[in-house]
Amino acid sequence: PFKFNETFHIDGIEVEPYRVDHSLSGATGYIIHTSSGTIVYTGDFRFHGRREKETAAFMEACKEAKPDVLIIEGTRVDSTTSKKEAEVEDEICDISSKATGLSVCNWSVRDTDRMLSFLNAAKKLGKKLAISLKQAYLLDELAKCGDSIAPKTDDEDLALYANRKSWGVIGDSKWCDKIRDEDYDSWERPYLDRAVCYKDIRANQGDYLMFCSNFDLKELIDIKPVGGSVYIKSVCEPFDAEMEMDWERIMNWINHFGIAVNSTHVSGHASGPQLKEFVEQVNAKNVIPLHTENAKAFQNWSKNVTILGNVGDNFTL
């Protein structure tokens, strides 16, 4: 374990960890000091989320370190623009405000920045955001971190949604809590007394934005979305055959219930211009791109780019 901005050591190697902006909590960039030179490793990062100042501070620290090697991600090296997370929040608000039924929402289950965007939109609209019990557990764990900006599970505008499980007795008062609880894992049970279920959502569809992953779509069978319901897709576009097949199945569900599809999203990765600024500002002696399909793009920004194109390729300081 380590703390951000506090140096730690592994044998003779000195490591400075910095929190960076990304779509997942805990993303970290590193400045690594060795006897042969200094290495910067960015990990996944961006400048357009809720922690852009942390990424900027990391860039300044890297610049001061005068690294021998910069290992940098390049997922979106060919993208020229980046929408802000705040813009996504506004678009969610606009889409849900026009819905006369349920707002079914899908975002990466661990993306608490996006969850906060949906929660803020719900607050502006006078609605509640219903999240899964898995997300509630994640939020309670993140709450133990002093500088977390994730929502808190006691937020009055946050509802905890319990899926129907094998026995399906959630929301049925004729069954005692002991029978209900046996349908859920031990870590889920503390949330059940305050959780909402399909009956609550079905009776008050206009009052909710409801998180619904690809695996939760079966909940709509019991919820029975009314006319005027919307599906807000807030995940990346399919980029391989398996994801395309998944999206086709999702659309089958959405079309079955007659729900209108809307999209709003911003990536967890830096754009081409942001990557260019980082490379030029840090001005490392050597640059090694990774996590990219266009490593050669970095040759436009640095004279010393090493492309490791095959498994087993190496670079020696």
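# Close-up views of a predicted model

View 1. Arg 164 is partly exposed, with a relative accessible area of 27% (buried means under 20% relative accessible area, exposed over 50%, and partly exposed in between, with a 1.4 Å probe and protein chains only). The model is predicted, so that local features need pLDDT of at least 70 and side-chain atom pairs count only at pLDDT 80 or more, whereas totals for chains, interfaces and linings use all residues. Residues are numbered from 1 along each chain as its sequence is written, and side-chain values use heavy atoms, with hydrogens and water left out. Arg 164 sits in the loop between S8 and H5, where helices (H or I, at least four residues) and strands (E, at least two) are DSSP runs numbered from the N terminus. Its side chain makes a polar contact of 3.1 Å with the side chain of Asp 222 and reaches the backbone oxygen of Gly 168 at 2.8 Å; a polar contact is a pair of N or O atoms within 3.5 Å, of which, within protein, one must be able to donate a hydrogen and the other to accept it, and residues adjacent in sequence count only if both atoms are side-chain atoms. Apart from neighbours within four places in sequence, Arg 164 is in contact (heavy atoms within 4.5 Å) with Ile 170, Tyr 184, Tyr 198, Glu 219 and Asp 222.

**View 2. Glu 188 and its partners.** Glu 188 belongs to the loop between helix H5 (177-181) and helix H6 (198-203), and Glu 188 is buried, with a relative accessible area of 7%. The side chains of Glu 188 and Lys 165 are joined by a polar contact of 2.8 Å. Leaving out residues up to four places away in sequence, Glu 188 touches Leu 133 and Lys 165; the C-alpha atoms of Glu 188 and Leu 133 are separated by 6.4 Å, although these residues are 55 apart along the chain.

**View 3. The largest nonpolar core.** A nonpolar core is a set of buried Ala, Val, Leu, Ile, Met, Phe, Trp, Tyr and Cys residues joined through side-chain atoms within 4.5 Å. The largest has 53 residues, and those with the most contacts inside it are Trp 107, Phe 118, Leu 129, Ile 131, Tyr 161, Ile 201 and Ile 223. Helix H3 (residues 112-125) supplies the largest share of this core, six residues. A second, separate core of 25 residues includes Val 40, Val 279, Val 287 and Phe 298. When residues up to four places away in sequence are not counted, the residues that Leu 129 touches include Trp 107, Met 115, Phe 118 and Leu 209.

**View 4. Helix H4 and strand S7.** The buried residues of helix H4 (residues 133-142) are Leu 133, Gln 135, Ala 136, Leu 139 and Leu 142, and what covers them includes strand S6 (103-107), H3, strand S7 (128-132), strand S8 (158-161) and strand S9 (208-211). Ser 132 lies in strand S7 and counts as buried at 13% relative accessibility. Not counting residues up to four places away in sequence, Ser 132 touches Tyr 161 and Phe 211.

**View 5. Two residues with positive phi.** Asp 11 has a positive phi of about 55° although it is not a glycine, and the residue is placed in the loop between strand S1 (8-10) and strand S2 (13-19). At 78% relative accessibility, Asp 11 counts as exposed. Lys 224, in the loop between helix H7 (219-223) and strand S10 (230-234), has a positive phi of about 55° although it is not a glycine.
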